[in-house]
Amino acid sequence: MRRALYPGSFDPITYGHLDILRRAARLFDQLIVAVVENPRKEPLFSAVERRDLVKKALAEEKIRGVNVITYSGLLVDCARELGATAVVRGLRATSDFDYEFQFALTNRDLDSDIESVFLMTAGQYSFLSSSLVKEIAQYGGEVGKFVPDCVARALVAKLKRNRRRKEG
Ligand code: PNS
């Protein structure tokens, strides 16, 4: 059984992530999405909210057989605990390379049994990032082209709640 982990912040999940996810699911017997509580970033959505959005997005996109978990800790430990032998990451442009190279080599140093697998993004998503989507939504822009409806709705609701909280 070839089991792979697709980790990320997914704050929130975009069509770019879903494209990688769909293609990775074809390569492995089992794919697990790990929504990682990344201490380097301050997320808009909590880890549980991000996980639930991934689940809803998978349902909306009719992608079946993919498990979704949250994880805080080292990725290699997560992979080992789940019996995953590969970590899947998407590459958009050369700008992703340096970080991903460092990430993959560090993970290999930590556990040489876990292989990093990179998939090139589809051309139409090469510019897309969760940060960009959040920025567009923040200024009231239309994000329907970049994220599933359930995510677009959650973004509007979350930003409205945050704005109210700041004002009140
Ligand atoms: O979507 P992102 O933010 O690019 O994902 C990065 C992520 C969360 C996959 C990465 O930061 C991670 O795996 N963090 C877990 C902690 C870890 O294992 N760090 C050491 C590897 S260099």
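**Ground rules.** I'm working with a predicted model, where local features need pLDDT of at least 70, side-chain atom pairs count only at pLDDT 80 or more, and totals for chains, interfaces and linings use all residues. Residues are numbered from 1 along each chain as its sequence is written, and side-chain values use heavy atoms, with hydrogens and water left out.

**Sheet.** I looked up the strand order first. Helices (H or I, at least four residues) and strands (E, at least two) are DSSP runs, numbered from the N terminus. Five strands make an open sheet, ordered β3-β2-β1-β4-β5, with parallel pairing; I take two strands as paired if DSSP finds at least two bridges between them. The edges are β3 (66-71) and β5 (115-120), each with a single partner strand, so one side of each has no neighbour in the sheet. On average, neighbouring strands are turned by 30° against each other, direction ignored. For angles I use axes that are lines fitted to C-alpha atoms, for helices over the stretch in contact, and values run from 0 to 180 degrees between N-to-C directions.

**Strand pairs.** β1 (residues 3-8) and β4 (residues 86-91) pair in the parallel sense over two bridges, and L5 has V87 as its bridge partner in β4. β1 and β2 also run parallel, joined by six bridges. In that pair, G8 stands opposite V35 of β2.

**How much of β2 is buried?** Seven of its seven residues are, so β2 is largely enclosed by the rest of the structure. Buried here means under 20% relative accessible area, exposed over 50%, partly exposed in between (1.4 Å probe, protein chains only). One side of β2 carries Q30, I32, A34 and V36, the other L31, V33 and V35, and both faces are covered.

**Helix α5.** I listed the buried residues of α5 (residues 130-138) and got S130, V133, K134 and A137. Seen down the axis, they fall within an arc of 100°, so they line one face of the helix; the arc is that of the directions from the helix axis to the C-beta atoms. They pack against α1 (15-27) and α6 (149-167), where contact means heavy atoms within 4.5 Å. Just after α5, G140 takes a positive phi of about 80°.

**α2 on α6.** Helix α2 (residues 47-60) packs against α6 at an angle of about 150°, with the axes 8 Å apart. From α2 I found E49, L53, K56, A57 and E60 in the contact, and from α6 D149, C150, V151, A154 and K158.

**Two loop residues.** D11 sits in the loop between β1 and α1. Is D11 buried or exposed? At 5% relative accessibility, D11 counts as buried. A polar atom of the D11 side chain lies 2.7 Å from the backbone nitrogen of L44. Leaving out residues up to four places away in sequence, D11 touches P43, L44, F45, R50, S130 and K134. S130 and K134 are also on the buried list of α5.

N38 is in the loop between β2 and α2. With a relative accessible area of 22%, N38 is partly exposed. I also checked N38 against E135: they are 97 residues apart along the chain, and their C-alpha atoms are separated by 19 Å.

Definitions and conventions. A polar contact is a pair of N or O atoms within 3.5 Å; within protein, one must be able to donate a hydrogen and the other to accept it, and residues adjacent in sequence count only if both atoms are side-chain atoms.
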